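Morning, everyone. Please bring up the model on your screens. I'll go through it piece by piece.

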Amino acid sequence: MNVEEIFRTYGDMLYRIALVMLKNVQDAEDVVSDTLVKYMINKKEFKDDEHRKAWLIRVDINLCKNKLLFRARHPGITLEELNLPQSDERSELLQLLMNLPRNYREVLLLYYVQGYKIVEIADILRIGEGAVKKRLERGRKKLKELVERDGGF
């Protein structure tokens, strides 16, 4: 697949992941661009489309983590908060997900929004299946608390 096909196929998914993790439109766009550049540079052969998708998600998440680490090390830099369009039926869920700690956001996003199985999430995030299950459990609990606190979903 060429880069244009990758962008058409996976661009929205990569953008949503970056947006939820970074809470910043410009940074999310940068991460998607950087992910696509890494794809162009990397001449890796993929077993199938699912392998390619998992690789892209892993790169996207790693680039987000790098940006978050940069922010933590440079706290004086102010960032614009994300405003999702109200027409997006998932915007409320995404807004709530953004209020969760990063570890819970990642697994909930991959499990519920992207539809990955626990074993696939473990592979993508390079953590154990037990850790994924525990993060899902804790993330659901925190998400439920947010929903109850904010008065619905």
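Let's start with a pair of side chains. Lys 134 and Glu 137 form a salt bridge, and their closest N and O atoms are 3.6 Å apart. By salt bridge I mean a side-chain nitrogen of Lys or Arg within 4 Å of a carboxyl oxygen of Asp or Glu. Both residues sit in helix α7, residues 129-150. They are 3 residues apart, about one turn of the helix. Helices here are DSSP runs of H or I with at least four residues, strands are E runs of at least two, and numbering goes from the N terminus.

How exposed is this pair? Lys 134 is partly exposed at 34% relative accessible area. Glu 137 is partly exposed too, at 46%. The cut-offs: buried is under 20% relative accessible area, exposed is over 50%, and partly exposed lies in between, with a 1.4 Å probe and protein chains only.

Two housekeeping sentences. This is a predicted model, so local features need pLDDT of at least 70 and side-chain atom pairs count only at pLDDT 80 or more, while totals for chains, interfaces and linings use all residues. Residues are numbered from 1 along each chain as its sequence is written, and side-chain values use heavy atoms, with hydrogens and water left out.

Now the overall layout. The protein has 7 helices and 0 strands. From the N terminus the elements run α-α-α-α-α-α-α. There are 153 residues, and 42% of them count as buried. Next, contacts, meaning heavy atoms within 4.5 Å. Take those with a separation of 6 or more: residues 24 or more positions apart account for 66% of them.

Back to charges. How many salt bridges does a search of the whole structure find? It finds 5. Asp 12 with Arg 16 is a salt bridge, with the closest N and O atoms 3.2 Å apart. Both are in helix α1, residues 3-22, and they are 4 residues apart, about one turn of the helix. Arg 16 is buried, at 15%.

Then there is Lys 65 with Glu 106, a salt bridge at 3.9 Å, N to O. This pair links distant parts of the chain. Lys 65 is in helix α3, residues 49-73, and Glu 106 is in helix α5, 41 residues apart. Lys 65 is partly exposed, at 26% relative accessibility. Glu 106 is buried, with a relative accessible area of 3%.

On to helix packing. First pair: α1 and α2, where α2 is residues 25-41. Their axes come within 8 Å and cross at roughly 140°. Axes are lines fitted to C-alpha atoms, for helices over the stretch in contact, and angles run from 0 to 180 degrees between N-to-C directions. So α1 and α2 are oblique to each other. On that scale, under 35 degrees is roughly parallel, over 145 roughly antiparallel, 65 to 115 roughly perpendicular, and the rest oblique. The crossing of α1 and α2 is right-handed. Right-handed means the near helix is turned clockwise from the far one by less than a right angle; anticlockwise is left-handed. The contact includes Phe 7, Leu 14 and Leu 22 of α1, and Val 31, Leu 36 and Met 40 of α2. By class, this contact has 15 nonpolar, 1 polar and 2 charged residues. Nonpolar covers Ala, Val, Leu, Ile, Met, Phe, Trp, Tyr, Cys and Pro; charged covers Asp, Glu, Lys and Arg; the others, Gly among them, are polar.

Glu 106, Val 107, Leu 110 and Tyr 111 in α5 meet Ile 118, Ile 121, Ile 124 and Leu 125 in α6. The residues of this contact divide into 7 nonpolar, no polar and 1 charged.

Last stop, Leu 125, in helix α6. Leu 125 is buried, at 7%. What does Leu 125 contact, leaving aside its neighbours within four places in sequence? Arg 58, Ile 61, Glu 106, Val 107 and Leu 110. Leu 125 and Val 107 are 18 residues apart in sequence and 8.6 Å apart in space, C-alpha to C-alpha.
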